[in-house]
Amino acid sequence: MPDEVVKQYKEILQQYVDGQNEEDLYLGQQFSRRFIEKEISPEEVISIHKTALAEVLPDMPGKLWHSFDFLIEMMIHYGLALREHQSLIRKQEEIQIEMNVASKVQDTLLKTRKPDFKELDIGFVTEPAKQMSGDYIYFLNDNSYEAGVAVADVIGKGIPAALCMSMIKFGMDGLRDENTSPSNVLDIVNRIVEKSVDDSMFISMFYGKYDARDSSFSYATAGHEPALLYKASTGKFTELHAKGLLLGVQPNVVYEEKSVILEEGDFIAIMTDGVTEVRTDTDFIDDQVIKSILVEVKDESAQEIADAVYQRLAYLQNFHLSDDFTIVIFKKENGKV
């Protein structure tokens with residue numbers, strides 16, 4: 001270590017021991033910057049202090065000198081732990097900066113516009129559990145009589161999930177002039193995902209399309225949660241199941257397509273597992289809880305139905321979502337044909 005630093009430290013220490021005034025203490029505080037400039041470690045500072053003190057107070061008891069050796073050993077390990085801690089903090093800060101950028105990119109690039117569709121009332125809520133969501137909604141409205149929606153859930157979170165969702169958007173954007181039957185949509189998106197994403201990333205997806213010409217809702221699913229169909233005439237729910245493998249598993253997959261007819265007051269609730277698998281402090285909720293909420297607000301608008309489900313289930317989790325939350329409501333209102 002530099003002799004000049006040791007000498008200056010000894011002089012400041014001598015002044016403080018002799019006078020014990022605030023000015024000398026302030027000088028010591030300012031001098032600590034010299035240690036930083038010279039990259040002197042905490043254990044070296046103690047060694048400098050011990051050497052200087054031997055000249056300033058030569059009559060100190062021997063046992064006290066040994067305590068400095070003990071402190072030096074402690075500071076060696078403390079310094080190592082401190083540097084490791086600071087390194088982790090810097091890495092976390094870098095990751096947070098990357099996450100902030102990725103989150104903004106996700107919000108910008110993955111935006112979708114809800115169709116202004118007079119034959120159908122549409123509402124939705126999508127809320128991330130953390131900074132970035134693994135859920136994605138994409139609306140497709142090519143003409144005045146059809147409205148489609150894709151609801152996807154990426155198995156994985158963070159930046160890799162955002163990249164997967166960009167692949168979905170890329171695939172959906174290319175469907176404007178294609179056959180938009182649900183089975184064909186999933187087939188096209190699956191081929192893109194299978195070629196473009198890592199083998200460890202998989203995506204579940206539900207795609208449904210409402211056709212106002214015959215009030216039909218056709219749908220297909222790639223390993224996604226079944227949607228719920230509420231029939232106003234009976235007051236009962238039906239789960240909309242269809243066979244289909246997760247996106248990205250195999251290049252050639254046949255997706256089963258089914259169809260139902262919507263009548264006045266009927267609605268379809270399309271959800272991710274952040275809705276259907278809500279966990280409270282004690283247990284997972286029963287699907288009857290979701291159905292009971294939907295029944296309570298069945299006469300409200302589609303957006304009010306979606307908002308009600310979110311508010312009730314978020315309340316059960318003390319407003320700390322355990323998973324990304326997404327619900328889309330397609331409702332055929334009274335008086336609309």
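**Before you click**

This is a predicted model, so local features are described only where pLDDT is at least 70 and side-chain atom pairs only at pLDDT 80 or more, while totals for chains, interfaces and linings use all residues. Residues are numbered from 1 along each chain as its sequence is written, and side-chain values use heavy atoms, with hydrogens and water left out.

**The whole chain**

Start with everything in cartoon view. The secondary structure comes to 9 helices and 10 strands. Here helices (H or I, at least four residues) and strands (E, at least two) are DSSP runs, numbered from the N terminus. Of the 337 residues, 43% count as buried; buried means under 20% relative accessible area, exposed over 50% and partly exposed in between, with a 1.4 Å probe and protein chains only. Among contacts (heavy atoms within 4.5 Å) with a separation of 6 or more, 71% are between residues 24 or more positions apart.

**Stop 1: the sheet with E2 at one edge**

Select E2, E3, E4, E5 and E8. They make an open sheet in the order E2-E3-E4-E5-E8, with antiparallel pairing; two strands pair if DSSP finds at least two bridges between them. E2 (135-140) and E8 are the edge strands, each pairing on one side only. The twist averages 15° from one strand to the next; axes are lines fitted to C-alpha atoms, for helices over the stretch in contact, and angles run from 0 to 180 degrees between N-to-C directions.

Now zoom in on E2. Follow the hairpin of 5 residues that joins E2 to E3. E3 (residues 146-155) pairs with E2 over 6 antiparallel bridges, and leucine 140 sits opposite glycine 148 in E3.

**Stop 2: E5**

Next, select residues 216-222. This is E5, and 7 of its 7 residues are buried. Ser216, Ser218, Ala220 and Ala222 point one way, with Phe217, Tyr219 and Thr221 pointing the other way.

Which strands does E5 pair with? One is E4 (residues 202-211), antiparallel over 7 bridges.

Leaving aside residues up to four places away in sequence, serine 181 touches Lys209 and Glu257.

**Stop 3: the sheet with E1 at one edge**

Switch to E1, E10, E9, E6 and E7. These 5 strands form an open sheet in the order E1-E10-E9-E6-E7, with antiparallel pairing. Its edge strands are E1 and E7. Look at E1 and E10, which are joined by 7 bridges: phenylalanine 124 stands opposite valine 328 in E10.

H8 lies across E6, E7, E9 and E10, at about 125° to E7. H9 packs on the sheet too, touching E1, E9 and E10, and its direction makes about 25° with that of E1.

**Stop 4**

Colour the buried residues of H8 (residues 287-296): Ile290, Lys291, Ile293 and Leu294. They fall within an arc of 160° seen down the axis, so they line one face of the helix; the arc is that of the directions from the helix axis to the C-beta atoms.

Finish on H9 (302-316). Its buried residues include Ile305, Val309, Tyr310 and Leu313, and the buried set packs against E1 (121-127), E9, H7, H8 and E10. Just after H9, select asparagine 318, which takes a positive phi of about 55°.
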